[in-house]
Amino acid sequence: MRIIRQGDQRISKILGKREISGKLQYRLSRYALLGQVGERFFVRNVFTGMNAELTAGEWKCLQEVSGSKTDGERLLQNKMEDLVRQGVLLSEEQDELKQFEAVSVILSNLTGTPKGINNYVILPTLACNARCVYCYEMGMPVSTMSLETAERVAEFIARTKSAGEINVTWFGGEPLTARPVISKICALLREKGIGYRSVMVTNATLVTEEVAKEAATNWHVKRVQVSVDGKRKDYEERKLYYAPEKHNYDTLIKAIHHLLDAGVDVILRCNYDGDNLCGMKEFLDEMREEFGNSEKLFLYFGMLYQEQKTEKCIETYRKVFDLRRYLDRTGMHYQKPDRDEFRFKVNYCMADAPGNSIVIHPDGKLNHCEELCAKMEMGSIFEDDFKFTMMSGTKKAHQDCRECPFLPECKPFRRNQCPDWFPYCREFKEIESEYVFEKIATSDTDGMRKEPERKGR
């Protein structure tokens with residue numbers, strides 16, 4: 001076994017040293033995923049984060065053990081100690097679900113609850129200059145934060161923030177329709193001596209050269225996520241701007257240039273379903289022709305919730321990963337590269353984070369999640385004695401998830417509470433895993449590079 005990426009060493013310390021005993025029976029770990037790329041064999045441990053290349057002998061051993069078990073004496077004779085040390089093979093009495101839950105609790109306790117909030121998602125408005133046909137906020141009352149409430153937001157941040165620099169995310173609606181509110185809050189934060197970095201989620205059609213410069217300098221915006229819908233025809237038919245003569249595909253392209261010129265990273269969220277995906281490659285080619293392979297331009301694909309609820313989403317996901325492979329070949333950047341070191345996450349997202357993230361709505365109400373779930377509300381900025389309320393019922397795996405090999409990546413919260421859970425999540429992860437093995441093989445500079453032949457478990 002040749003380790004390509006080390007797992008989280010904190011997990012190894014918690015679970016203790018693993019050695020083969022000739023008296024025990026061993027089985028393949030539920031969280032050990034096997035993949036073959038060409039003539040090379042790989043394993044990744046979803047729990048610990050370890051990636052490794054296997055020898056032909058180790059691969060054969062794991063194929064034989066898959067779905068059955070083998071005795072420790074045989075493993076010792078065949079020098080398979082590394083498979084046990086890395087948690088690929090486990091003694092049959094070990095309960096992996098209990099181990100996962102124990103590690104989650106211990107690492108959560110070690111991390112502790114932060115003293116104060118360091119991540120604020122602010123919705124200055126729920127108004128928008130578009131009428132996206134798939135918008136999950138459709139039908140919700142439209143409101144915009146007053147400048148008086150903006151002052152109270154700055155006061156709330158000042159008394160609840162953690163030590164050091166904080167992170168602010170501007171969300172909406174379309175946040176730039178409330179530009180004065182953003183400017184007001186940022187000015188007040190500077191007056192109070194509060195250091196902050198911010199990001200923004202926007203359709204970008206209100207971004208002029210002046211707005212881009214203000215965002216980069218006065219609002220401290222480092223990254224902007226821009227929602228797009230593919231090529232011009234699909235984009236304009238799905239966005240349905242109120243003033244299409246002013247806000248359209250051409251406006252979008254200019255806005256991206258303004259942001260890049262201002263030194264802001266731009267991430268294009270490509271919203272898709274089975275209908276517009278066929279034109280997405282043409283859109284990618286247009287972006288590459290327009291912006292080259294800019295080191296500050298990234299993109300990713302986001303399936304619409306409506307599509308995720310249908311069985312056809314599986315085939316749609318397969319097509320998306322073909323687009324991911326196309327991006328890899330052309331050198332375009334998919335999101336930002338992951339760090340080499342793997343760190344086990346005790347939470348799925350900000351909603352189940354241990355007390356350090358919060359959403360502020362235009363009326364000052366507070367929430368765990370920008371998806372606007374009423375069950376996630378927890379007071380308002382006007383409460384002088386505000387206390388962060390943790391989400392409950394999120395630590396135990398759902399009955400349907402207890403045997404899932406991807407549980408450590410997903411976390412119990414997603415099935416138990418998260419509004420973006422969808423019924424074909426495991427099938428999606430299996431498709432993704434196939435792609436991940438290809439990426440491991442092609443990015444592994446120590447191994448032989450070969451044209452991948454896709455296989456996997």
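I take contact to mean heavy atoms within 4.5 Å, and helices (H or I, at least four residues) and strands (E, at least two) to be DSSP runs numbered from the N terminus. The model is predicted, so local features need pLDDT of at least 70 and side-chain atom pairs count only at pLDDT 80 or more, while totals for chains, interfaces and linings use all residues. Residues are numbered from 1 along each chain as its sequence is written, and side-chain values use heavy atoms, with hydrogens and water left out.

**Helix H6**

I looked up what covers the buried residues of H6 (buried: under 20% relative accessible area, 1.4 Å probe, protein chains only), and found that the cover includes strand S8 (119-122), strand S9 (166-170), helix H7 (179-191), strand S14 (357-360) and strand S15 (365-367). The buried residues are Thr149, Ala150, Val153, Ala154, Phe156, Ile157 and Thr160. Seen down the axis of H6, they fall within an arc of 160 degrees (taken from the directions from the helix axis to the C-beta atoms), so they line one face of the helix.

**Aromatic pairs**

I then turned to rings of Phe, Tyr and Trp (its six-membered ring), which pair if their centres lie within 6.5 Å, with planes under 30 degrees apart counted as stacked, over 60 as edge-to-face and the rest as tilted; the count comes to 16 aromatic pairs. Tyrosine 317 and phenylalanine 428 have ring centres 4.5 Å apart and planes at 45 degrees, so I note the pair as tilted. Because tyrosine 317 lies in helix H13 (residues 313-330) and phenylalanine 428 in helix H16 (residues 425-443), the pair ties together parts that are 111 residues apart in sequence. Both tyrosine 317 and phenylalanine 428 are buried.

Definitions and conventions. Buried < 20%, exposed > 50% of the residue type's maximum accessible area, 1.4 Å probe, protein only.
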